[in-house]
Each structure stands twice: as structure tokens, then as C-alpha cells.
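Trainee: Could you go through this one with me, starting with the aromatic residues and then moving to the pockets?
Mentor: Gladly, let me put the structure up so that we can look at it together.

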Amino acid sequence: VFSSAVCTDTHSGHIVRWETASKYNVNTFITTPLTAPFQCSTVELVAKEAQLPTWFVSHAWSHSFDETVVILQFHAQAREGVEGASGCYYWIC
């Protein structure tokens, strides 16, 4: 989305780039437009079946979403030996 359209951050007025996009930006330009028409959560939109979260993640929405994804990938890989490859489902708030 950020590479194919011009998305402007409503707070700073800067053009949003994936490398620096915050969760606010992801919510504004991706999550809400995809989920609002169906009045559902992201997981309800993309999952084939129920996925009960194993982990709850609370983070500052102003941080880079890309960095959040990287740290969650690290966490999932670290937990893989303990919980198995399919053991990490996240509820991100």
C-alpha cells in the first residue's frame, strides 16, 4: 500500500514509507479500510479458522511497525522449540 499509493501521515504531514510506518499508519491505511466493510478484526478477515492467541502484545503505536514485526518474528523463532512451529499466535493491541 505504502509503495503503490501516496499516504500522508495525518499528524506529521510526511509521506508514509513502510520502513518508518507506525501502527497508527498501518491502522489508518491498511487495517481499517480492509476490516471496516466487514465489521471484523484482521484475524477474522484472513484466518481460515479460529486462532486463540498464545501471546498478548502491547506496544506503542508510534513505534515503527516494521520493527514490531521483526521483534515478533524473533520471539516466534525463539519460542518455536518450546511451543512448536504453530504455537505462536499474537493478539496485538
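Predicted model: local features only at pLDDT ≥ 70, side-chain atom pairs only at ≥ 80, totals over all residues.

Trainee: Where do Tyr-24 and Trp-61 sit along the chain?
Mentor: Tyr-24 belongs to helix H1, while Trp-61 is in the loop between strand E1 (55-57) and helix H3 (65-83), so the pair ties together parts that are 37 residues apart in sequence. Tyr-24 is itself partly exposed, with a relative accessible area of 49%.

Trainee: What about Phe-56 and Trp-91, how are their rings placed?
Mentor: Their planes are at 85° and their centres 5.7 Å apart, so Phe-56 and Trp-91 also make an edge-to-face pair. This pair links distant parts of the chain, with Phe-56 in strand E1 and Trp-91 in strand E2, 35 residues apart. As for accessibility, Trp-91 is exposed, at a relative accessible area of 54%.

Trainee: Switching to pockets, how much space lies in the largest pocket?
Mentor: About 810 Å³ of space lies in the largest pocket, and 23 residues line it, with Thr-42, Val-43, Tyr-90, Trp-91 and Ile-92 nearest its centre.

Trainee: Which elements give two or more residues to that lining?
Mentor: Those are helix H1 (23-35), helix H2 (42-46) and strand E2 (90-92), and of these H1 gives the most, with 6 residues.

Trainee: How do the residues lining the largest pocket divide by class?
Mentor: The lining of the largest pocket has 17 nonpolar residues, 5 polar and 1 charged.

Trainee: And the second largest pocket, how much space is in there?
Mentor: About 230 Å³ of space lies in the second largest pocket. Its lining has 17 residues, and the closest to its centre are Asp-9, Ser-12, Ser-22, Tyr-24 and Asn-25.

Trainee: What classes make up the lining of the second largest pocket?
Mentor: By class, the lining of the second largest pocket consists of 10 polar, 5 nonpolar and 2 charged residues.

Terms used. Residues numbered from 1 in each chain as written. Heavy atoms only, no water. 1 Å grid on protein atoms, 1.4 Å probe; cavity = no way out; pocket = protein on both sides within 12 Å on 5 of 7 lines; lining within 4 Å. Points joined across faces, edges and corners; volume = space filled by probe spheres on them. Helix = DSSP H or I, 4+ residues; strand = E, 2+ residues; numbered from the N terminus. Nonpolar A, V, L, I, M, F, W, Y, C, P; charged D, E, K, R; others polar. Buried < 20%, exposed > 50% of the residue type's maximum accessible area, 1.4 Å probe, protein only. Phe/Tyr/Trp six-rings, centres within 6.5 Å; stacked < 30°, edge-to-face > 60°.
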